[in-house]
Amino acid sequence: MKPIKAGIVGTGFSAIAHIEALRRIPGATVWGIAGRERAKAEQVADEMGIPNVYDDYQAMIDDPEIEIIHNCTPNALHYEINKQALHAGKHILSEKPLAVTSAESLELAELAQQVNVRSGVCFNYRHYPMVSEAREFLRKEENGEVIHVQGSYLQDWLLYESDYSWRLDPDLNGPSRAIADIGSHWCDAVQHVLGRQITEVCADLKTAHAHRQRPLVQGTTFQTAEGAECEEVAVTSEDYGSVLIRFDDGVQGVFTVSQVAAGRKNRLVFEIAAGQSAVAWDQERPNELWIGRRGQANEVILKDPETLSKRSARLAHYPGGHQEGWPDGLKNLCRDFYSHVRDPRQPHSYATFSQGHQLMRLVEAILCSHEERRWVTVQQD
């Protein structure tokens with residue numbers, strides 16, 4: 001099998017995660033890397049054994065050896081890099097969000113439908129075995145129709161006023177932070193499990209720290225800057241939000257996101273109540289799926305390819321009792337995408353540019369709802 005050569009744009013947390021995931025996929029090789037600073041890209045290339053370093057992303061896109069671009073840059077760069085990759089006929093796997101405005105994401109979604117390449121967005125939680133099993137469980141008629149959905153995505157890495165990241169800069173991240181950064185992940189996972197879209201929202205958002213201390217020398221996402229020299233900057237994006245939601249079939253729900261929830265590191269949770277049962281999943285306990293029932297004992301289904309549905313078992317690569325988590329979900333995403341690149345006839349489950357655009361519309365509807373203090377309908381294209 002001829003290896004598919006990938007180029008990584010970016011040198012931060014996401015880029016390293018993608019490189020490590022690709023190393024675990026047969027037939028994939030990281031051929032090159034480009035970053036904002038060539039010296040940093042050379043350092044990563046040396047540490048990770050990547051043979052080629054490019055002066056910039058355009059040089060990478062122009063290299064005929066590169067077949068797939070992994071866009072692991074700050075949000076404000078997603079649109080232009082994705083657009084250039086599509087125009088060059090390169091397959092593109094972009095970190096989320098697809099862009100920072102729906103006008104940009106619509107253009108990308110339409111362009112992706114016009115060119116003969118694969119294009120996906122990194123919503124990786126749908127690629128966990130037990131998220132897939134929740135989807136399969138709810139499709140069983142004996143569980144009844146879904147009644148309501150609830151959940152949250154909680155983190156604490158921005159709890160203190162002294163915590164800072166490029167994600168707090170709207171010029172790099174866009175106008176929304178907690179909703180666009182982690183809320184979009186929750187929405188994608190739940191929409192995928194239900195096979196339905198959120199069509200209406202009513203949001204209440206909050207900025208916990210109107211000012212933060214920004215280090216004069218910037219680090220990477222999740223990196224602390226204790227003891228560094230700082231300057232005070234204003235913050236306009238949300239640290240917290242609660243959102244009432246309605247789906248296209250009338251199902252109702254609510255979710256909360258927070259990046260200032262002490263003790264919560266990366267806790268994405270959803271619980272879906274149906275007529276005869278309920279199902280719940282917690283990303284910090286990713287190998288378990290809770291099943292709730294009335295009139296009989298609840299149960300916890302454990303990740304085990306011997307007992308999961310066929311679809312979910314394909315996402316579990318180790319026997320029961322061998323724990324799989326976040327890096328494995330990203331590996332499953334890349335594996336799914338590369339399989340579709342090799343054979344476009346293969347079914348796939350990764351989020352497309354069209355789905356990434358729908359989530360951008362959803363984020364903007366949530367911001368509008370908060371600003372205007374009312375229910376807002378998610379615009380459909």
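Before anything else, let me define one term: the expected span of a helix is 1.5 Å times one less than its number of residues. Please also keep in mind that what we are looking at is a predicted model.

With that definition in hand, let us take helix H10, residues 326-342, which has 17 residues and should therefore span 24 Å, and whose end C-alpha atoms are 25 Å apart, which agrees. This helix is mostly covered, since twelve of its 17 residues are buried, and among these buried residues are Leu330, Leu333, Phe337, Tyr338 and Val341, but also Asp328, Lys331 and His340. What lies over the buried residues of H10 includes the strands S1, S2, S4, S5 and S6, together with helix H1.

That brings me to strand S1, residues 4-9, where six of six residues are buried. In a regular strand the side chains alternate between the two faces of the sheet. In S1, accordingly, Ile4, Ala6 and Ile8 point one way, while Lys5, Gly7 and Val9 point the other way, and all of them are buried. S1 pairs in the parallel sense with strand S2, residues 28-34, over six bridges, and within that pairing Ile4 has Ala28 as its bridge partner. S1 also runs parallel to strand S4, residues 68-71, to which four bridges join it, and here Val9 stands opposite Asn71. If you follow the chain from S1 through helix H1, residues 13-22, to S2, you trace a right-handed β-α-β unit.

Now let us move to another sheet, an open one of nine strands, ordered S16-S15-S14-S13-S7-S12-S11-S8-S18, with mixed pairing. Its edge strands are S16, at 299-302, and S18, at 376-377, each of which pairs on one side only. Strand S15, residues 288-292, runs antiparallel to S16 and is joined to it by four bridges, with Glu288 opposite Leu302. Helix H11, residues 353-372, packs on this sheet, where it touches S8, S11, S12 and S18, and its direction makes about 50° with that of S8.

Finally, a word on the interior. In soluble globular proteins, nonpolar side chains tend to be buried together. The largest nonpolar core in this model has 72 residues, and Val201 and Phe270 are those with the most contacts inside it. Helix H8, residues 178-194, supplies the largest share of this core, namely ten residues. Apart from this core lies another, of 28 residues, which includes Ile4, Ile19, Leu22 and Cys122.

Technical notes. Residues are numbered from 1 along each chain as its sequence is written. This is a predicted model: local features need pLDDT of at least 70, side-chain atom pairs count only at pLDDT 80 or more; totals for chains, interfaces and linings use all residues. Side-chain values use heavy atoms; hydrogens and water are left out. Buried means under 20% relative accessible area, exposed over 50%, partly exposed in between (1.4 Å probe, protein chains only). Helices (H or I, at least four residues) and strands (E, at least two) are DSSP runs, numbered from the N terminus. Two strands pair if DSSP finds at least two bridges between them. A crossover is right-handed if, with the strands pointing away from the viewer, the path from the first strand over the helix to the second runs clockwise. Contact means heavy atoms within 4.5 Å. A nonpolar core is a set of buried Ala, Val, Leu, Ile, Met, Phe, Trp, Tyr and Cys residues joined through side-chain atoms within 4.5 Å. Axes are lines fitted to C-alpha atoms, for helices over the stretch in contact, and angles run from 0 to 180 degrees between N-to-C directions.
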